[in-house]
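Visitor: I have a model open and would like to go through how its chains meet. Could you take me through it?

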Amino acid sequence: MLTKCMFSGSGGQGSALMAKLVCLAAIREGLKVVMTQTYGIEQRGGDSTAYVIVSDEPIGSPIVEKDATLAVALSKSIYDLCFEGSAPGGSLFYNSSLVEEPRQPDGFEQIGLPVSDMAMKVGSVRAANMVMLGAVLGRSGLLRLESVEEALKETMGAKKPALLEMNIKALHAGYEAGREG
Amino acid sequence: MSQETLFLKNTETFAESMARCGVKYHFAYPITPATDVMKRTAVILPRYGGTMMQMESELAVSSALAGAACSGKLAATSSSGPGMSLMQEAVSFMAGAELPCIMLDSMRVGPGDGDIVGAQSDYYMATRGGGHGDYHVPVLAPASGQEIVELMPRGIRLAYVYRTPVLFVIDGVTAQTTESATLPEYHDYAADYDVSDWAYTGTGKHPKRALITGSYAHEDGFQMNERLRRKYERITEAEQLWEEDSVADAELVVAAFGIHGRMCKDLVRALRAEGKKVGSIRPISLWPFPQKAFDALPDTVRQVLVVEMNHGQMVDDVRLALNGRVPVHFFGKTGGDMPMYTLHEMIAKTNSLLGE
Amino acid sequence: MQDLGKNFGKTLNLDKLTSYCPGCGHGIVTRLVAEAIEELGIRERTVSIVGIGCGGFSHHYMDIDAIEATHGRAPSFAVGYKLAMPENIVFTYAGDGDSCAIGLGDLLHAANKGMPITSIMINNTVFGMTGGQMSPTSLDGQVTATTPRGRDVSWQGYPLLVPEMMRAMPGVKFLARESVATPKQIMHAKKSVKKAFECQVRGLGYAFVEMIVPCPTGLKKSVRESYDWCASQMNAYFQPQIFKDEMEQSHAD
């Protein structure tokens, strides 16, 4: 099983952290992962995209070429890139708090969740990335929630316990929404 | 350190592999995209009783590397195109002096100062020796973090068995890719080789030894070059390394090293799924070039496509290896925002050659 | 016939016929270096790293391991070697061309690193081996094979003063310029050479000695004239002296 992912957001939204957590959690589950930096025009400005490939076998091409089977758009400005980068049969998760007029997908499913609003209820809009990550896990079954939680503790646990707690709450809120959605 | 799977930039994996396989001294000068190696060795080498020493130029780097190598202990360097150019003086020296060491060229686009974007533009420099004189250095081209780990003991073996600098080349895209790699338990591979018959450790341990690569005149110079020639013949015979996929009945073979070679796995899978008889060869030792892989190509092969992140360098070796047997095509680009052809473009090119 | 070897111990190898030209100052410096190694009892763990030029011959006359480095890089070779072999004594031996033309960067950075390494620079103001061309230390107006009308300092630069550049480096613990123009100066130089090695033996830091010597062949002078010129012209400009001796104040931890 091989999943090609793209995690996109604007500056400060933490899309790179989502990608990193997916990678660390996948390694905990014994999977192979590759993460590449962005190339081309999308690396300009304040937006950023992290590409991740998760597989149970050694990974061939490390490059995600507009064939993401799992795409995440945290902001409006990056939505079009994700839309165009999604492969047939894939899933595009977008932040409906910010993307008000989603396009009509052709051949892939699209899941809108108001993750910014949901994050504010949990404690801070800055946890929108964790709400989204939880939703992705709940919906796709890409990785176990516990693996990501452990990766999260490993990454920010020791230094900021309060922040960790909020992020775990956000992750769980998203996970439940994803399972229901 | 015990075996563990880490999520690292491949430059960092290179640093970890060196440290866990017995490299004790790492000399380097900052240059993108190789700097992450020295940042990591600065942290980890002391744990293994080693040191990263930042020098004031790549000239000084390679000279200090040569000085350390004279002791018989395992030393290394890492750099990128412009830095490698500067190092060639001492690389030539170490080849002539028959000193073991490990080097990494994390390749970026050139010529001149070039740009920090990844490339495979140093193939010529790597495989033709790099500096002045009639010599080669063994060149290994890992295509992933895990392969860096797997090739490090081999590189060290080549360095000590043949007493030669060994060069790893990795395109800057792969070098800066972050991926999972299972790193081995610590083992000092260098300690497996006896250096007491040549190392310059002082006359307390042996009669006077003098390392002289210059002032070779007449018969001395002839003998030195003959000794190197015989060594290179032994390496060429014994140390060719490559990976091949679906070659047995192939009509078209794609040859590529490093990242493009890695992408060939997906290319072959995709085209075979459509019933197209496509195979691939990924040279892992760039010198010695895997001539044997091309000698053994079956008669079904009608054409070969070489894909590189440059304007055509390894393609020369493929043409030499095939010596006119079948047409050899080239597909490559370098530099810019997307400094390589994508898998989809490689597939489209292959299809066009197949007449589709 | 008298066995001269008995007077010099094991380090100096008198069996080897010298390649130095008659009157060359290298012979004196090589002997001083060998005597220092012998007297300090470090022969068996000493390695010589020589530059390209006539200085490269020096190790042939000593029973110690030797590495002939690339041109100008002996100090960087020494840095790498010392890092890998801290218990060994490593010294560089090279002329003014190797040390301060092509190798000035390597030399100054090695000095500034302050590792316990000894460097001997033999300054005869010309590239001797290649036939007496201008070097960075050629004197103002000095006629050489490549300055037929004399060195013009207005664009070819002033004679380089190397120890003066190292004086401000805290890692340099012993720093001297000596001359072999007269027997008295040779006896003085002997002490500095020995100190430069002792500085390393005690692990104190970097030690550098510049030796002002004649090159009769390169200077196109008779042996006598070359020594006279060395004593008058070269010594007058370079002013042999001990710039720094911090060996008494310093204590290795």
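**Chains in contact**

Guide: Across the interface of chain A and chain B there are nine residue pairs in polar contact, counting pairs in which both residues have pLDDT 80 or more. Please keep in mind that this is a predicted model.

Visitor: Which elements of chain A supply at least two residues of the side that touches chain B?

Guide: Those elements are α1 (15–28) and β2 (32–36) of chain A. Of these, β2(A) gives the most to the side of chain A that touches chain B, with five residues.

Visitor: And how do the residues on that side of chain A divide into nonpolar, polar and charged?

Guide: The side of chain A that touches chain B divides into twelve nonpolar, six polar and six charged residues.

Visitor: What area do chain A and chain B bury between them?

Guide: Chain A and chain B bury about 1,800 Å² between them, with 57% of it on carbon and sulfur atoms. The contact takes 24 residues from chain A and 23 residues from chain B.

Visitor: Back to β2(A): which strand of chain B do the two bridges join it to?

Guide: Two bridges join β2(A) to strand β9 of chain B, residues 178–183, and the two strands run antiparallel. Within this pairing, V34(A) stands opposite E179(B) in β9(B).

Visitor: How many salt bridges are counted between chain C and chain B?

Guide: The count between chain C and chain B is two salt bridges. In one of them, the side chains of E89(B) and R73(C) meet at 2.8 Å, N to O. There are also 19 residue pairs in polar contact between chain C and chain B, with both residues at pLDDT 80 or more.

Visitor: Do the strands run parallel or antiparallel where β2(C) is joined to chain B?

Guide: They run parallel, with two bridges joining strand β10 of chain B, residues 210–211, to β2(C). L211(B) stands opposite I67(C) in β2(C).

Visitor: How far apart are the nearest C-alpha atoms of chain A and chain C?

Guide: The nearest C-alpha atoms of chain A and chain C are 36 Å apart, and these two chains do not touch.

Visitor: What about the chains on their own? How many helices and strands does chain A have?

Guide: Chain A has six helices and six strands, and from the N terminus on its elements run β-α-β-β-β-α-β-β-α-α-α-α. The radius of gyration of chain A is 15 Å, which agrees with the value near 16 Å that a compact globule of 181 residues would have.

Visitor: And the secondary structure of chain C?

Guide: In chain C the secondary structure comes to ten helices and nine strands. The radius of gyration of chain C is 17 Å, close to the 18 Å that the globule rule gives for 253 residues, so chain C is as compact as a globular protein of that length. Along its principal axes, the C-alpha trace of chain C spans about 50 × 50 × 35 Å.

Visitor: One more topic, backbone geometry. Which residues of chain B does a cis peptide bond join?

Guide: One cis peptide bond joins T32(B) and P33(B), with omega about 5°, and P33(B) lies in the loop between β2 (25–28) and α2 (35–44) of chain B. The peptide bond from W287(B) to P288(B) is also cis, with omega near 0°, and P288(B) is found in the loop between β14 (285–287) and α10 (291–295) of chain B.

Visitor: And where in chain A is K66(A)?

Guide: K66(A) is in the loop between β3 (47–55) and β4 (68–73) of chain A, and K66(A) has a positive phi of about 50° although it is not a glycine.

Note on methods
Residues are numbered from 1 along each chain as its sequence is written. Chains are lettered from A and ligands numbered from 1 in the order in which they are written. This is a predicted model: local features need pLDDT of at least 70, side-chain atom pairs count only at pLDDT 80 or more; totals for chains, interfaces and linings use all residues. Side-chain values use heavy atoms; hydrogens and water are left out. A salt bridge is a side-chain nitrogen of Lys or Arg within 4 Å of a carboxyl oxygen of Asp or Glu. A polar contact is a pair of N or O atoms within 3.5 Å; within protein, one must be able to donate a hydrogen and the other to accept it, and residues adjacent in sequence count only if both atoms are side-chain atoms. Two strands pair if DSSP finds at least two bridges between them. Helices (H or I, at least four residues) and strands (E, at least two) are DSSP runs, numbered from the N terminus. The radius of gyration is taken over C-alpha atoms; the globule rule is 2.2 Å times the number of residues to the power 0.38. Contact means heavy atoms within 4.5 Å. Buried area is the accessible area (1.4 Å probe) that two parts lose on being put together, summed over both. Ala, Val, Leu, Ile, Met, Phe, Trp, Tyr, Cys and Pro count as nonpolar, Asp, Glu, Lys and Arg as charged, and the others, Gly among them, as polar.
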